[in-house]
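Visitor: Please show me the model, and then I will ask about its packing.

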Amino acid sequence: FLAAPAHALYYVAIPKTNTSETTVLNTTGPLWVALLASVILRESVSGRRWAAILLGAAGAYVVSVGWAPPSMSGGNTAGNLLYLCGTIVESLAMVLAVRVIATSSGPGTLAFQVIGAAASFAVMPLIVPGAMHLHIGAMRPETWVAMGYLIFVAGLFCFGAWYAFAERAPISLMVVSLGLQAPIGVLLGWAVRGEPLSPELVSGSVLLLVALVLAASEAQHPPEPDAMQA
């Protein structure tokens with residue numbers, strides 16, 4: 001019941017802000033997940049993992065915005081606050097899902113999460129009718145293709161794989177890979193929409209690769225005897 005409100009906050013916030021500002025807020029996701037995992041799951045987030053998370057967030061930021069400081073427009077304050085709340089709520093949902101996975105299974109947890117999200121999303125137009133009203137537009141062939149991709153690739157395959165990995169890997173370590181969304185999104189924008197590539201893509205991607213190598217080196221590092229006993 002947390003996944004649906006998080007995405008509802010995204011959908012309401014997006015018209016009140018812009019892409020670059022929401023991308024900046026997206027880069028904070030791994031930081032919230034690591035913080036919540038250390039508090040709720042009692043995960044021990046090492047200095048190396050924190051460095052990887054911060055480097056990954058910095059790389060995603062550089063790819064999306066550049067080396068300039070963020071420019072949060074005053075007129076977009078309400079949208080940015082809503083989007084940030086959505087990011088935190090989704091991070092909490094992810095951490096709590098991992099807690100359930102620890103005592104059950106990844107695919108089973110995902111199945112129940114999808115059912116809960118569908119049920120809670122169905123009542124959203126009743127709770128906030130002014131912000132989320134039901135409207136079905138023209139269903140053209142490309143719309144069906146896009147919806148099919150969202151359901152079967154982004155939903156079934158990607159989330160299924162993520163939850164399966166969550167059975168074996170710490171969530172604060174897994175979220176380092178989320179930074180790859182930024183350069184992949186830029187490359188897809190160039191390939192599909194003809195959007196220009198920028199030097200920031202290269203420099204930001206280098207930071208992301210360093211973050212992933214740092215995280216991978218920790219993943220391959222054997223635990224200390226005290227940690228194994230704990």
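Visitor: How many aromatic pairs does a search of the whole structure find?
Guide: This is a predicted model, in which local features need pLDDT of at least 70 and side-chain atom pairs count only at pLDDT 80 or more, while totals for chains, interfaces and linings use all residues. Residues are numbered from 1 along each chain as its sequence is written, and side-chain values use heavy atoms, with hydrogens and water left out. Rings of Phe, Tyr and Trp (its six-membered ring) pair if their centres lie within 6.5 Å. On that rule, the number of aromatic pairs in the whole structure is two.

Visitor: Is the pair of Y10 and Y83 stacked or tilted?
Guide: A pair of aromatic rings is described by the distance of the centres and the angle of the planes. Planes under 30 degrees apart count as stacked, over 60 as edge-to-face and the rest as tilted. The ring centres of Y10 and Y83 are 4.6 Å apart and the planes lie at 35°, so the pair is tilted.

Visitor: Which helices does the pair of Y10 and Y83 link?
Guide: Helices are DSSP runs (H or I, at least four residues), and strands are runs of E of at least two, numbered from the N terminus. Y10 and Y83 are 73 residues apart, so the pair links distant parts of the chain. The helices are α1 for Y10 and α5 for Y83.

Visitor: Are Y10 and Y83 buried or exposed?
Guide: Buried means under 20% relative accessible area, exposed over 50%, and partly exposed in between (1.4 Å probe, protein chains only). Y10 has a relative accessible area of 8%, and Y83 has 7%. Y10 is therefore buried, and Y83 is likewise buried.

Visitor: What kind of aromatic pair do Y11 and F121 form?
Guide: Y11 sits in helix α1 and F121 in helix α6, 110 residues apart. At 47% relative accessibility Y11 is partly exposed, and F121, at 26%, is partly exposed. The centres are 6.0 Å apart with 25° between the planes, and the pair is stacked.

Visitor: How do the axes of α1 and α6 lie to each other, parallel or oblique?
Guide: Axes are lines fitted to C-alpha atoms, for helices over the stretch in contact, and angles run from 0 to 180 degrees between N-to-C directions. The axes of α1 (residues 3-13) and α6 (residues 106-122) come within 8 Å and cross at roughly 50°. Angles under 35 degrees count as roughly parallel, over 145 as roughly antiparallel, 65 to 115 as roughly perpendicular and the rest as oblique. That makes the relation of α1 to α6 oblique.

Visitor: How many charged residues does the contact of α1 with α6 hold?
Guide: Contact means heavy atoms within 4.5 Å. A3, A4, H7, A8 and Y11 in α1 meet Q113, A117, S120 and F121 in α6. Ala, Val, Leu, Ile, Met, Phe, Trp, Tyr, Cys and Pro count as nonpolar, Asp, Glu, Lys and Arg as charged, and the others, Gly among them, as polar. The residues of this contact divide into six nonpolar, three polar and no charged.

Visitor: Which helices do the buried residues of α1 pack against?
Guide: The buried residues of α1 are A3, A4, A6, A8, Y10, V12 and A13. They pack against α5, α6 and α7 (124-127).

Visitor: Is R49 buried or exposed?
Guide: R49 lies in helix α4 (residues 47-64). Leaving aside neighbours within four places in sequence, R49 is in contact with E43, S44, P170, S172, L173 and E218. Its relative accessibility is 8%, so R49 counts as buried.

Visitor: Is R42 buried or exposed?
Guide: R42 is in the loop between α3 and α4. The phi of R42 is near 60°, a positive value in a residue other than glycine. At 69% relative accessibility, R42 counts as exposed.
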